[in-house]
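Here's a quick briefing on side-chain packing and charge pairing. Have a look at the model first.

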Amino acid sequence: MIFLRLFWEFFKIGLFAVGGGPATLPFLMDLAGKYDWYTLEDLADMVAVAESTPGPIGVNMATYAGFRAAGIPGGLAATLALVLPSVVIMILIAKFLGNFSENAMVKAVFSGVRPAVTALIATAIWGLFKVVLVTEEGKVAMGPLLLCVAVFVLMQIKPLKKLHPAVWMLAAAAVGMVFRL
Amino acid sequence: MQWRDLGELYLTFFRIGGLTFGGGLTMLPMFKHELVLKKNWVSEDELLDCYAIGQCTPGVIAVNTATFVGYKRAGVAGGIASTLGMISPSLALITLIASFFQALVENVWFQHAMTGIKGVVCALMLNTVITLARKSLVNLVCVAVCAAALVSALFTPVPTIAIVVLAGLFGAAAELWRRRAGRGGHKV
């Protein structure tokens, strides 16, 4: 049954995605290969929507993925499953482990997990790059690539650093329509 | 604990969830404004502690923070009410957008716009990875763990969960080894 599947898969994501929203991306990518809920191309759209809508990105992604898989109940199942481990773990920590983040063992575990998560997110993003920046015929998609490079460079300039991501996205939408990317 | 308290928790986190873009660290100022300055539910130090915990526990950081603050205010029911408040705006907005998206996707102008947006999303993502790498790759051991995870993820069928768990075990083992070697210190 699809709702149980969704619930189980997103429960696992909630339990193992350490480091917030972007950390869910590698897992969502795995799901694209494992089920026919959504394709990698859909996932690129989903990231764009999740980034430009209010709310935590991880929650947005779960709702979207669940909706794609099984409509409104699907979105509900995926989102609740994603946050369930958080709720249980945080309540246990609040109740029993006052100085959890100061614990030497906890610190040690996460000093190992953190670089690995960076690698996983980098891998997932590499996958997204291949979807967005390469056309179906296997050629480089020049339009999106130029936009990506231009915005990346502009974002490194001090006064533009703080600019809201939605501003870049609006500008990109305009560029996309004007040049018919 | 009263229904009114739970309702207030729900609404406060609903507002934070519905008005903040991004997530993770970009949400911190909003949390501070609502929870520290307006409601006086937690001190700024407590909020930062909470964020520190949220970053080294699984799950979405904003949700972890919501559960934590809600629990401190009104027990288990408070934690649940806050979390539900945090995710409600996402559920509503994303469902709405996702339903329209299916219809819009046939439109050629919308496709042009999305192609542009996805180019920018790539740039934003690249920025995220660089920020993460700067924060997490603080010494050679970290670089080695990152490289090992990268190779495993790209070229082997090792599941994502296994990579996370193995990296955690490695961190713990390194700490135990350091303790046995008696060199002390808690920095890896």
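What follows covers ring pairs, the nonpolar core, a surface patch and salt bridges.

This is a predicted model, so a few ground rules: local features need pLDDT of at least 70, side-chain atom pairs count only at pLDDT 80 or more, and totals for chains, interfaces and linings use all residues. Residues are numbered from 1 along each chain as its sequence is written, chains are lettered from A and ligands numbered from 1 in the order in which they are written, and side-chain values use heavy atoms, with hydrogens and water left out.

**Aromatic pairs**

- Over all chains there are six aromatic pairs (rings of Phe, Tyr and Trp, the last by its six-membered ring, with centres within 6.5 Å; planes under 30 degrees apart are stacked, over 60 edge-to-face, the rest tilted).
- A:Tyr35 and A:Trp37 count as stacked because their ring centres sit 4.1 Å apart with planes at 5 degrees.
- A:Tyr35 is buried at 16% relative accessibility, and A:Trp37 is buried at 8% (buried is under 20% relative accessible area, exposed over 50%, partly exposed in between, with a 1.4 Å probe and protein chains only).
- B:Tyr10 and B:Phe14 make a tilted pair, with centres 6.0 Å apart and planes at 35 degrees.
- Those two are four residues apart in helix 1 (residues 3-19) of chain B, so about one helical turn separates them (helices are DSSP runs of H or I, at least four residues, numbered from the N terminus).
- A:Tyr64, B:Phe101 and B:Phe110 are joined into a cluster by ring pairs.

**Nonpolar core**

- The largest nonpolar core has 114 residues (buried Ala, Val, Leu, Ile, Met, Phe, Trp, Tyr and Cys joined through side-chain atoms within 4.5 Å).
- Its largest share, 18 residues, comes from helix 4 (residues 57-96) of chain A.
- Among the residues with the most contacts inside the core are A:Phe10, A:Tyr38, B:Phe31 and B:Met86.
- Leaving aside residues up to four places away in sequence, A:Phe10 touches several residues, including A:Leu28, A:Ala62 and A:Leu82 (contact means heavy atoms within 4.5 Å).

**Surface patch**

- A nonpolar surface patch that includes A:Phe7, A:Leu76, A:Phe96 and B:Ile80 has about 920 Å² of accessible area together (patch members have over 30% relative accessible area and no salt bridge; nonpolar side chains, Val, Leu, Ile, Met, Phe, Trp and Tyr, are joined within 5 Å, like charges within 9 Å; areas are Shrake-Rupley with a 1.4 Å probe, and for residues only the protein chains shown count as cover).
- Helix 4 of chain A gives the most to the patch, with six residues.
- A:Phe7 sits in helix 1 (residues 2-16) of chain A and is partly exposed at 31%.

**Salt bridges**

- The total over all chains is 10 salt bridges (a side-chain nitrogen of Lys or Arg within 4 Å of a carboxyl oxygen of Asp or Glu).
- A:Asp42 and A:Arg68 meet at 3.4 Å, N to O; A:Asp42 is in helix 3 (residues 40-52) of chain A and A:Arg68 in helix 4 of chain A, so parts 26 residues apart in sequence are tied together.
- A:Asp42 is buried at 15%, whereas A:Arg68 is partly exposed at 24%.
- B:Arg15 and B:Glu34 pair up at 3.0 Å, N to O.
- B:Glu34 is buried at 3%, while B:Arg15 is partly exposed at 31%.
- A:Glu9, A:Lys12 and A:Lys34 form a salt-bridge network.
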